[in-house]
Amino acid sequence: MTGMGKPRDSQERNQKQLETRQNIIFYIIGITLFFALYEFLKSNLMPNITMLESHAISICVVSILNTIFFLWFRKVYSQQTNAIKIINQDLLQEITEHKLAEEALQESRSRLIAAQSMAHVGNWELNLDTNRIWASEEVFNIYGFEHNSQYLPLDLVQKSVFSEYRELLDSALSGLVTQKGKYDEEFKIKNAKTGKEHFLHSKGLLLFDKTGKASKVVGTIQDITERKQAEDALRSNRRQLTDIIEFLPDATLAINKEGQVIIWNKAIAEMTRIPAAEMIGKSDYACTIPFYGKARSHLMDLVFLDDEEISTRYPNLTREGDTLMVEVFCPALYDNKGAWVFAKASPLHDQSGNIIGAIESIRDITEQKLAEAVLQSKTAFLEAQTNASLDGILVVNQNQTRILTNRRIFELFNVPQNIIDDEDDTLLLEHVVSLTKDPEQFLERVIYLYDHIDETSCEEIEFKSGMVLDRQSAPVMDKDGKYYGRIWTFHDITEHKRLEAALEKEKNLLETTLISVGDGVISTDDKGNIVFLNRVAEFLTGWTQEAARGKSIEEIFYIVDEFTRERCVNIVKKAFESGKMIESASHTTLISKDGIERPIEDSAAPIVQENGETFGVVLVFRDFSERKQKLKEIEFLSYHDQLTGLYNRRFYEEELKRLDKERNFPLTIVMADVNALKLINDSFGHVMGDELLKIVAEVITKGCRSDDIIARLGGDEFVILLPKTDAHGAEQIIKRIKDLASKEKVGPIDISISFGYETKNKAEEKIQEIFKKAEDHMYKKKLFESPSMRGKTVKAIIYTLHEKNKRDEQHSHRVSHLCESIGKALSLPEGEIEELKTVGLLHDIGKIAIDDSILNKPGRLTEDEWEKIKSHPEIGYRILSTVNEMSEMAEYVLFHHEKWDGSGYPKGLKGEAIPLQSRIIV
């Protein structure tokens with residue numbers, strides 16, 4: 001029974017749905033009829049009423065008719081009304097849900113764009129049919145392009161990618177499209193807007209259409225510059241930290257909070273004879289066994305205890321901040337021979353300051369301990385030796401406590417007996433300080449040396465009594481750098497200083513003069529009168545020493561400013577008054593007694609006695625003529641291009657800043673690019689390419705005005721700055737240059753230059769944008785002019801090659817005829833036969849770059865000469881591939897010396913891998 005009820009229920013449900021549909025149709029038909037009736041009434045019964053009245057009447061009529069209809073409809077189809085309501089509700093719900101879905105989609109899209117911007121991630125899509133790449137806004141931001149189109153400018157993308165990555169990216173994308181690889185690459189670009197280098201990561205996925213054909217590639221691109229920099233920094237920091245710990249001279253180990261060994265460096269491995277691999281990760285005090293022969297706590301275990309517990313249980317420890325230090329004997333070290341060590345331990349903290357472990361360094365101080373014992377035994381002998389010295393000797397320990405003082409100290413400083421007997425060392429120091437001429441300086445130096453224990457000192461100390469002592473001080477250290485104290489010695493040099501002062505005046509004058517004999521030297525007394533002239537000074541000033549002696553320096557040494565011609569300040573007087581060496585200003589000219597003018601460099605220094613008294617001045621000067629000329633040449637080279645003699649990029653950039661002022665508006669920038677330079681370099685050599693650049697520079701110079709700025713930016717690019725010149729003026733100059741260029745040739749090659757310009761008329765315009773627009777205009781012109789020029793150049797190359805070698809010309813024509821015959825024999829299409837004839841004629845074009853002596857050599861070629869001959873297919877390929885209509889023929893020329901068995905060159909291709917046309921040429 002239950003099974004039989006199901007079909008009936010289904011039939012009833014279908015019947016209700018059918019009735020509902022019919023009622024809806026009737027409803028629509030009724031509405032349509034009502035509106036038709038309304039239109040009829042309006043056009044036939046109400047033609048003379050106004051539009052407003054018409055609408056009002058229409059609304060009333062429709063309302064009445066609808067009311068009548070719906071009353072009738074509800075009465076007749078009351079049951080169907082419920083169905084209509086249900087359907088209307090379903091439709092309304094569907095519309096609402098659709099609207100909500102649209103809003104959610106829009107919100108999701110906005111979130112995606114924001115997320116991409118924050119993460120520097122963009123997405124792109126390559127259509128394999130059109131080869132156009134759609135990209136999101138963030139992709140344009142990553143490359144630094146203006147978002148003027150939804151499609152990426154492929155030429156700018158290729159220019160922004162660093163050359164070493166271009167082939168990699170092309171290969172990866174090609175592998176993805178042919179389903180032989182994947183596209184997941186990292187590469188480096190230069191941002192077009194900022195000029196900065198960025199690292200990018202791009203992924204791609206191949207999609208297929210319904211037929212299974214690969215239709216598009218979708219992918220993402222992300223700026224990973226910060227990540228790369230952070231990774232590099234992290235690797236560097238980790239490596240540095242590891243290297244530092246590993247090569248610390250002290251044995252170093254560390255444990256974590258659980259007591260496990262986490263660091264065991266090379267020094268501790270050598271000390272314990274246990275490698276790091278056997279100790280890392282061990283716990284339960286295993287690291288102490290090599291030191292004590294059993295497991296026990298280590299110094300670094302104490303850092304986990306509080307200060308009170310440490311001080312109570314380990315009173316022999318010393319502390320500096322968080323660092324614990326101790327000297328201890330370790331009986332198990334060095335095969336149980338034992339050793340004294342000095343250990344330091346400190347806690348390790350995490351970023352929050354919590355202790356997560358401890359680190360300890362251990363140094364073997366056994367020799368130091370032994371040295372201390374030996375030192376004690378030698379102290380008695382040292383005291384006897386020092387007491388016999390004629391110099392005062394004082395030895396202090398590391399605490400600055402006097403441990404040895406000989407009798408000579410007490411004699412030199414006339415020390416009273418009560419100070420000698422007193423154990424307070426400050427009394428002796430205060431007594432000595434009170435006798436010195438400069439107590440503050442004496443004491444300051446003593447304090448400095450005690451603070452800098454590794455420094456030595458040697459200085460003279462003057463005393464009020466007139467005594468002068470030579471005081472020397474040096475630290476006492478062992479070979480490991482352990483500081484034990486300081487030794488002071490005092491040597492009486494009073495008599496020596498007296499004799500030295502008597503000779504100082506004459507010595508200073510003589511030495512200063514002799515040191516300066518290579519240049520012009522003049523010595524004066526304290527009044528500025530001449531004492532001495534050397535020969536160079538006599539020659540440059542025109543005065544002899546006899547005639548000049550006693551005269552004023554201003555009379556003998558007459559110098560003026562090169563530009564103002566005003567007399568220069570008396571440099572000798574200035575040096576004497578300041579007590580310092582003085583150098584004169586640049587652009588100084590010396591006028592000799594004979595009226596000869598020479599640019600000079602000069603300086604004056606005071607002659608000072610030991611007591612600080614100045615008793616003269618020495619003046620040193622030299623002829624600056626030759627050096628000045630060289631400086632001018634250097635300055636010229638620093639602002640000019642060495643090849644063409646034009647201004648270089650450095651000068652152009654500085655001049656552009658100078659000219660970028662409103663008084664120079666309109667300011668026009670003209671960019672110029674020499675067409676086919678690379679082709680000429682490849683074909684005729686760089687000598688002809690350089691000659692081309694020189695002629696271009698001459699042509700541009702002749703075509704410009706005298707005050708225009710012309711610079712070579714590098715390679716084949718030139719720039720012209722035209723101040724106070726509008727677009728019309730710039731066009732006239734460009735036309736003049738082109739007319740001049742059309743009359744010039746380099747060998748058989750015509751000169752072709754592509755120009756582009758842009759004018760700045762307003763101050764708010766950025767000069768770099770003006771430059772960029774001029775460059776863009778130039779590149780657009782080059783797109784049209786360069787191919788034609790390359791075609792002409794190839795013809796010139798062929799002509800030159802055949803002129804150079806008539807035998808090759810005949811050979812090329814024979815090969816061309818043979819290629820035509822073979823093409824016809826193979827029943828090739830007419831177009832391919834014509835192409836074969838041309839390839840046969842051009843197949844040896846690469847020989848243009850081979851030296852004539854090699855091409856025409858009658859005997860056997862050397863190995864090096866043969867390698868040069870073998871390069872001609874590749875040279876020919878490079879030449880022809882620059883011309884669009886010959887690019888396919890370039891491939892045939894490249895492989896025309898390949899052999900069926902793979903023994904040919906340049907690629908060693910085999911069999912059918914060699915193009916048919918290349919095989920025909922062979």
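Visitor: Let's start with β8. Which strand do three bridges join to β8?
Guide: That is β9, residues 323–330, and the two run antiparallel. Strands here are DSSP runs of E with at least two residues, and helices are runs of H or I with at least four, numbered from the N terminus. Two strands pair if DSSP finds at least two bridges between them. This is a predicted model: local features need pLDDT of at least 70, side-chain atom pairs count only at pLDDT 80 or more, and totals for chains, interfaces and linings use all residues. Residues are numbered from 1 along each chain as its sequence is written, and side-chain values use heavy atoms, leaving out hydrogens and water.

Visitor: What's the bridge partner of Arg319 in β9?
Guide: Leu324.

Visitor: Which sheet order do β8 and β9 belong to?
Guide: An open sheet of six antiparallel strands, ordered β7-β6-β11-β10-β9-β8. β7 (261–264) and β8 (318–320) are the edge strands with a single partner each, so one side of each has no neighbour in the sheet. Neighbouring strands are turned by 25° against each other on average, direction ignored. Axes are lines fitted to C-alpha atoms, for helices over the stretch in contact, and angles run from 0 to 180 degrees between N-to-C directions.

Visitor: And what's the order in the sheet with five strands?
Guide: β13-β12-β16-β15-β14, open and antiparallel too. In that sheet the twist averages 20° from one strand to the next. β15 (residues 468–477) and β16 (residues 483–492) pair over nine bridges, and Asp470 stands opposite His491 in β16.

Visitor: Which strands does helix α17 lie across?
Guide: α17 (residues 439–451) lies across β12, β14, β15 and β16, at about 150° to β16.

Visitor: New topic. Which residues touch the most other members in the largest nonpolar core?
Guide: Of its 55 residues, they are Leu692, Val696, Ile700, Phe718, Ile720, Ile737 and Ile751. Such a core is a set of buried Ala, Val, Leu, Ile, Met, Phe, Trp, Tyr and Cys residues joined through side-chain atoms within 4.5 Å. Buried means under 20% relative accessible area (1.4 Å probe, protein chains only).

Visitor: Which helix gives the most to this core?
Guide: α26 (residues 686–703), with eight residues.

Visitor: How do α25 and α26 pack?
Guide: At an angle of about 145°, with axes 7 Å apart.

Key. Buried means under 20% relative accessible area, exposed over 50%, partly exposed in between (1.4 Å probe, protein chains only). Contact means heavy atoms within 4.5 Å.
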